[in-house]
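Let's take a walk through this protein together. Have a look at the fold, and then we'll go through it piece by piece.

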Amino acid sequence: MFPNQIRGSGLAVAGAAQWTSNFLITITFPVLLASIGLPGAYGIYTVAAVISLFFVLRYVYETRGKELEQMEG
């Protein structure tokens, strides 16, 4: 969904954001497990996933059936 001119940079930023998110989950999971237990830890991550689903549905435009060149920045 990025224009060709900035596609590589966009992928790099997205990859860094995903790596950072995975790192934060790895660091926070043992702390949450010890403090609120397994159901609470999974509950927090589930709420975050549901919030991200609504965010994606609202702000990420449909790309099915479109060529890369048709995508707008």
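Which residues does L33 touch, not counting residues up to four places away in sequence? L33 touches L38 and A41, where contact means heavy atoms within 4.5 Å. L33 itself sits in helix α1 and is partly exposed, because its relative accessible area is 38%. For these labels, buried means under 20% relative accessible area, exposed means over 50%, and partly exposed is in between (1.4 Å probe, protein chains only).

Before going further, a word on what you're looking at: this is a predicted model, in which local features need pLDDT of at least 70, side-chain atom pairs count only at pLDDT 80 or more, and totals for chains, interfaces and linings use all residues. Residues are numbered from 1 along each chain as its sequence is written, and side-chain values use heavy atoms, with hydrogens and water left out.

Now zoom out. The protein has 1 helix and 0 strands; these are DSSP runs numbered from the N terminus, with helices being H or I of at least four residues and strands being E of at least two. Of its 73 residues, 5% count as buried. The accessible surface comes to about 6,200 Å², and 68% of that belongs to carbon and sulfur atoms (Shrake-Rupley method, 1.4 Å probe, only the protein chains shown counting as cover for residues).

Next, find W19 in helix α1, which covers residues 7-59. W19 is exposed, because its relative accessible area is 58%. Together with F23, L24 and I27, W19 makes a nonpolar surface patch of about 450 Å².

Finally, the rings. A pair of aromatic rings is described by the distance of the centres and the angle of the planes. Rings of Phe, Tyr and Trp (its six-membered ring) pair if their centres lie within 6.5 Å; planes under 30 degrees apart count as stacked, over 60 as edge-to-face and the rest as tilted. That rule gives 4 aromatic pairs here. The F29 and Y45 rings have centres 6.3 Å apart and planes at 25°, so this pair is stacked. For F55 and Y59, the centres are 5.0 Å apart and the planes at 45°, so that pair is tilted. Ring pairs also link F29, Y42 and Y45 into a cluster.

Terms used: Patch = residues over 30% accessible without salt bridge, like charges linked within 9 Å, V, L, I, M, F, W, Y side chains within 5 Å. Salt bridge = Lys/Arg side-chain N within 4 Å of Asp/Glu carboxyl O.
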